[in-house]
Every structure is written in C-alpha cells, then in structure tokens.
Amino acid sequence: MASVTALEPGGTTTSGRPDPMVPRPFRVRRNRRDTTDTCTLELEPADGVPLPWHPGQFTMLHAFGIGEAPISISGDPSRSDRLEHTIRNVGSVTAALVAAEPGTVLGVRGPFGSGWDVGAARGGDVVFVAGGIGLAPLRPAILEVVADRASYDRVVLLYGARTPEDILFADDLRAWTERDGIDVEVTVDNGQYAWRGRVGLVTHLITRAGFDGARTLALVCGPEVMMRYAAQALSDRGVPPARLRLSMERNMKCGVGLCGHCQLRELFLCVDGPVLGYDRLAPLIFRAEL
Ligand SMILES: Cc1cc2nc3c(=O)[nH]c(=O)nc-3n(C[C@H](O)[C@H](O)[C@H](O)COP(=O)(O)OP(=O)(O)OC[C@H]3O[C@@H](n4cnc5c(N)ncnc54)[C@H](O)[C@@H]3O)c2cc1C
C-alpha cells in the first residue's frame, strides 16, 4: 500500500477539541503475522503525540482509498506511544490493513467506547473467557493484571480457538502460565492427531475452572453465541450480572453515537459499549430480533 505523506494531523472542532471524525496519521512500525488470516499491526503516531487509551476500547482504523473499520486495541496499555491492533482478514478493509507494510501510513480515529475496567477486580478473582479473535481485545486487560499481579487473587483465562493453527499470542499464553501465575486453559473445536490439548467448547471449561463466582469479575469476548452461553455458565457459577462484562460487536460507522448503525434498543454500542455489563445486556442479547 502506498504511503500517504501529505496528510496533516487531525483537525479541530470550533471548540478547539480534536475532531473525532478526522483520522490522525499513524505509521506502521511492524506487521507480525499471527495466523494464516490474522496479523498484528504495531503503529506509531506520525506526529509523535501519544494516544492514551483504556483496555477494551477500539479505534476506527482507516486504510486510505479503501475505507475504515472498528478494530480493538490489543497492545500494552502502559505504552501510549505505540498502538497495536490484531486484525483478521474478512473483507476489503481488513484485507488492506493486514497487507500494510512497515512505513505505510494509516488513519486512526478514537479511541472510542467503554473499557473493561479490570482494576475493579483487585482483591478478588478475575476470569477471562475468549473465543477466537476475542482474545485480542482482552489482551490489554490481561497485561494490566500481569503488571499488578499481586493485587488480584486467582486469575483464570479460558480460551477457545477453531484449530491449533488459529491460536493467537502463543508466547503470551506460555508466559502468563509459567511466569505470571495465570491459570490458562486452551481448547480447540478441531484438533488433528498432533494436538495434545483439549478439544471442545470453551464454555464447557467454565463449569470446573478454579474461581469463586461471588468474588469474581468476568470479562468475555468472542462470537455472540459463545458469549451468551458463557454468560449463562458464569451466572450459574454465581458471578453477579454487573460483574460479568461482555464486549459487543455490531457494524459501526461513526464511532461517536451519531449514525445509529450500532444501535441495540436504547444503547449505541460505540459509546455505551462495546464493553457492557450483563445486567444491561441480558434482556437484549437473548432477543434474536434486536
Ligand atoms: C467494537 C469492535 C471491535 C472490533 N475489533 C476487531 C478486532 O480487534 N479485530 C478484528 O479483526 N475485527 C474486529 N472487529 C470486526 C471488524 O470491524 C470487521 O471485521 C470489519 O469491519 C470488516 O470490514 P471489511 O471491510 O474487511 O469486511 P466487510 O466486507 O465489510 O465484511 C466482511 C464480513 O464481516 C462482517 N462484518 C463487517 N463488519 C462487522 C462488524 N463490525 N462486526 C462483525 N462482523 C462484521 C460482514 O457482515 C461480512 O460478513 C471489531 C468490530 C467492532 C464493532
């Protein structure tokens, strides 16, 4: 993809605040291939001005001349000078993003939306439940816990992928288990003869995982059907609805609550979400027509 060098940093509104509709130029530092269809882009601001963000938030990532897509931030929250996004190639915009070579300039709007607020779990247990690329939005919250590990009691990560080849962040999974005292359980839908690990649904791991539901903050990200079953299983283990948080995906365009593409009854998921408590979501996500 060609570099765009003439673009100035994002414009401002009449109030003097940056205009959230104007993308800021970020340069690709590194593009790491994670799996056959997924890459992690490491971006740095072309103007050198850091972009603070919270785990769970997303940006609108703009491939110039093609379009933009909402993509969660997957990197280390202590590094506001670097922005990582883990992207699966499913269509025109994501194909352009995963093909972006070092030096390419992309546009970034945001960060947008609500965060996981994993710090609310200090003094208790934390359970992360991830399905497929859903591990990417959870990774910053896991890194936040790792950086302050002593403040949390039991920390559990339950992760399901389609096949062993689709497992993301294998080095992290090893370090979190061996170095950081996180109880990591990985399962795949389809494992060939060389796979020695678990086969089956990630939601089944919830039943016997070691955590105390009443003292747990549970953070869940993955396909919506998986999140529904996970939320049910976590509720059955005694996790209170307000301490059970899901990250919701809907088509999004503006990112600032104007266009209505991501509306879920009274909620605009780009500003009220994407991370929402099960106390607010339960009446909505079990209704197929919403
Ligand atoms: C808050 C949020 C965070 C996201 N984070 C990530 C991330 O970290 N990594 C990542 O790879 N993807 C993420 N996505 C999904 C990503 O935005 C879509 O895959 C992307 O917009 C597809 O654009 P495209 O032009 O490549 O494909 P298109 O040609 O537009 O679509 C290809 C296929 O993907 C479906 N699709 C399009 N947009 C979405 C969407 N927003 N949600 C679900 N399905 C969609 C279409 O219905 C179609 O089936 C996130 C989405 C949201 C709303």
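The model is a predicted one. Its chain is divided into domain 1, covering residues 24–112, and domain 2, covering residues 118–285. The UniProt annotation "binding site", which comes from an unreviewed entry, covers four cysteines, namely Cys254, Cys259, Cys262 and Cys270.

**The two domains**

- The C-alpha centres of domain 1 and domain 2 lie 21 Å apart, and 25 residues of domain 1 are in contact with 23 residues of domain 2.
- Between them the two domains bury about 1700 Å², of which 61% is on carbon and sulfur atoms.
- Two salt bridges are counted between domain 1 and domain 2.
- A salt bridge is formed by the side chains of Arg162 and Asp37, with a distance of 3.6 Å from N to O.
- An unreviewed UniProt entry gives the annotation "domain: FAD-binding FR-type" to residues 21–118; this span is 7% helix and 47% strand, and its end C-alpha atoms lie 29 Å apart.

**The annotated cysteines**

- The UniProt annotation "binding site" covers Cys254, Cys259, Cys262 and Cys270. Although these residues span 17 residues in sequence, no two of their C-alpha atoms are more than 10.1 Å apart, so they gather at one spot.
- Cys262 lies in the loop between β12 (244–247) and β13 (263–264), and with 2% relative accessibility this residue counts as buried, because the cut-off for buried is under 20%.
- If neighbours within four places in sequence are left aside, the residues in contact with Cys262 include Arg250, Asn251, Met252, Phe268 and Cys270.
- Cys270 is placed in the loop between β14 (267–268) and β15 (275–277), and Cys270 also counts as buried, at 2% relative accessibility.
- Not counting residues up to four places away in sequence, Cys270 touches several residues, among them Phe58, Phe112, Met252, Val256 and Cys262.

- In helix α3, which runs over residues 170–178, the buried residues are Asp172, Leu173 and Trp176. Seen down the axis of α3, these buried residues fall within an arc of 100°, so they line one face of the helix.
- An α-helix has 3.6 residues a turn, so residues three or four places apart point the same way.
- The exposed residues Asp171 and Glu178 are carried on the face of α3 that is turned away from its buried side, while the elements covering the buried residues of α3 include α2 (135–147), β8 (155–161) and β9 (183–188).
- In helix α6, made of residues 278–285, Tyr278, Leu281, Leu284 and Ile285 are buried. Around the axis they cover an arc of only 130°, which puts them on the same side of α6.
- What covers the buried residues of α6 includes α5 (224–236), together with β12, β13, β14 and β15.

**Backbone details**

- The peptide bond from Gly110 to Pro111 is cis, with omega near 10°, and Pro111 has its place in strand β6, residues 105–112.
- Gly273 and Pro274 are also joined by a cis peptide bond, with omega about 10°, and Pro274 is located in the loop between β14 and β15.
- Asp117 has a positive phi of about 50° although it is not a glycine; Asp117 lies in the loop between β6 and β7 (125–131) and counts as exposed, at 51% relative accessibility.
- Phe169, which is not a glycine either, has a positive phi of about 55°; Phe169 is found in the loop between β8 and α3 and is buried, with a relative accessible area of 6%.

Conventions
Residues numbered from 1 in each chain as written. Predicted model: local features only at pLDDT ≥ 70, side-chain atom pairs only at ≥ 80, totals over all residues. Heavy atoms only, no water. Buried < 20%, exposed > 50% of the residue type's maximum accessible area, 1.4 Å probe, protein only. Helix = DSSP H or I, 4+ residues; strand = E, 2+ residues; numbered from the N terminus. Arc of directions from axis to C-beta. Contact = heavy atoms within 4.5 Å. UniProt positions renumbered as here; feature names shortened; annotations may be inferred. Domains from an automatic or database assignment. Buried area = accessible area lost by both parts, 1.4 Å probe. Salt bridge = Lys/Arg side-chain N within 4 Å of Asp/Glu carboxyl O.
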